[in-house]
There are 2 protein chains.
Amino acid sequence: MSILVVGSVAFDTIATPLGSCKEALGGSATYASLSASFFSPVKLVAVVGEDFPSRYIELFKQRNIDTAGLKVERGRTFRWKGEYTWDFNSAKTLATHLNVFSHFNPVLPEKYTLSDYVFLANIDPQIQEQVLKQVRSPKMVICDTMNHWIASKKDHLVRFLKHVDIFLLNDAEARQLSGENNLVRAARAIMKFGVKRVIIKKGEHGALLFGKNSVFCVPAFLLESVFDPTGAGDTFAGGFIGFLARCGKITDVNLRKAVVYGTIMATFAVEKFSVQRLLEINKNDIRKRLKKFVTLTCFR
Amino acid sequence: MSILVVGSVAFDTIATPLGSCKEALGGSATYASLSASFFSPVKLVAVVGEDFPSRYIELFKQRNIDTAGLKVERGRTFRWKGEYTWDFNSAKTLATHLNVFSHFNPVLPEKYTLSDYVFLANIDPQIQEQVLKQVRSPKMVICDTMNHWIASKKDHLVRFLKHVDIFLLNDAEARQLSGENNLVRAARAIMKFGVKRVIIKKGEHGALLFGKNSVFCVPAFLLESVFDPTGAGDTFAGGFIGFLARCGKITDVNLRKAVVYGTIMATFAVEKFSVQRLLEINKNDIRKRLKKFVTLTCFR
């Protein structure tokens, strides 16, 4: 089943202790779409400026990503500049130029409105809501957010969560939104807002999936070299929803496996700058890494 | 098979955001012995002062812990005072009174010298070495340390590691000792000192077991309320070596299971102050928690 991915397509300028890159392809929708496309066809919703190279649009198309919802507007594409120290868990933002993204308010192409699986990447919760209203009968809605929206639009976000099946956020954001320090309590408090399941991403420490009566805990894959963590969370989300859409059935074990596939996809994303590794790998690489992951975590 | 545990027996005065306790039974050897005693008989080596209540010595004996090596010396028992903020991963030491522990240099009772499994808790590496020399043919030597010894006695510690089968340390200590930020590289660098395996404890984020050609990664058990993390690492070590000694065979799968049992024992320790929870639980509680842990981590 196909997946609707809504978010940003951007150019990232990044410095890490291991190197730097300038104006490389990035953005939440880019990472999530490319990651999900290994499992299911994707319909991309985003906006770029006139400076966006057509070769990137071709790239999406080659990867089974429908770009009918990728609007090219007058102006420049969203740009982000950030840096990481050795603590790869948090980026320091040096510059954000929203450009055409500042008035992102997409109208879905007709064929997109029948999507079953919807991933609303980290954007203004009011826009997330407006996009979701255009989808006729979504089967599974997954939503991401960030500290900025929790601080500035908490009420909107909380109201919107009633329409969300799975809410993705990181540990700091879960604490910020719930006011609870303990992550079990934080997840429970967030589920009281009406969202069915919560995934808390803990960066290099893995991820937690909370349901009403269940918890699944997955450690992160151990990598000898993390090169650039940008996009790891969105790549995780793409692998997660991609796998679920391929399964077609939402069961507890499929959700757990989806978290593992999300984790594995994220490990590729961080190995090189931008989406470079996601463009190099194939399905066999994913299979091999899954096998390694089982060896890494198995104790029976 | 019986286990030799060498370390401190102390009184802890602790404040956490959830409460406080005064002069409660603590110390690395206390936690490790009580934890290990659920799996195998323990021989305790430590020193206390004349102020140490005989009821605690009785308590050890009731738990299948041999106290022939628990020396009572003139003077006062080791006292530690510390506090935790909501970040339960690191304690702030407010006072350390080594008292009789300051000249701890144990001579093993004859019957102790035949021990197969040896746990050298966090003490001066020179003392760890002197104790180990008295054990005739140890089958498995597990050694812990702390930042203080890495800073002040690195050369001694590194030389001693040649005699150690499994070295336990936390993530910050692994980085400090190896000079490597990445934990995979850190473990590899530490194994170059001659130790066969390394366990890196990551507190609430679980633990990693590194062998020459293998890695095992276990998430921590999710607890809704962590009450007092003091002794978690030593309780982990006790469960780990206790299970291994009970198995009698050092295989890759037994080592992995031992890490899981260590993790589970640690989850009990942190639920109440001091060793209170370790005294309340029975083998059935451990079995039940293992079952929960499998549910928490299983994805196949």
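Predicted model: local features only at pLDDT ≥ 70, side-chain atom pairs only at ≥ 80, totals over all residues.
The same surface serves both, since 100% of the contact residues of chain B recur in chain A, where contact requires C-beta atoms, placed from the backbone, to lie within 7 Å. Residues are numbered from 1 along each chain as its sequence is written, and chains are lettered from A in the order in which they are written. Local features need pLDDT of at least 70 and side-chain atom pairs count only at pLDDT 80 or more, whereas totals for chains, interfaces and linings use all residues.

In chain A, nine strands form an open sheet of mixed pairing, in the order β5-β4-β1-β8-β9-β10-β11-β12-β13; strands (E, at least two residues) and helices (H or I, at least four) are DSSP runs numbered from the N terminus, and two strands pair if DSSP finds at least two bridges between them. Strands β5 (65-73) and β13 (215-218) of chain A stand at the edges, each with a single partner strand, so one side of each is left without a neighbour in the sheet.

The contact takes 21 residues from chain B and 21 residues from chain A. On the side of chain B that touches chain A, β13(B) gives the most, with four residues.

Conventions
Contact = placed C-beta atoms within 7 Å.
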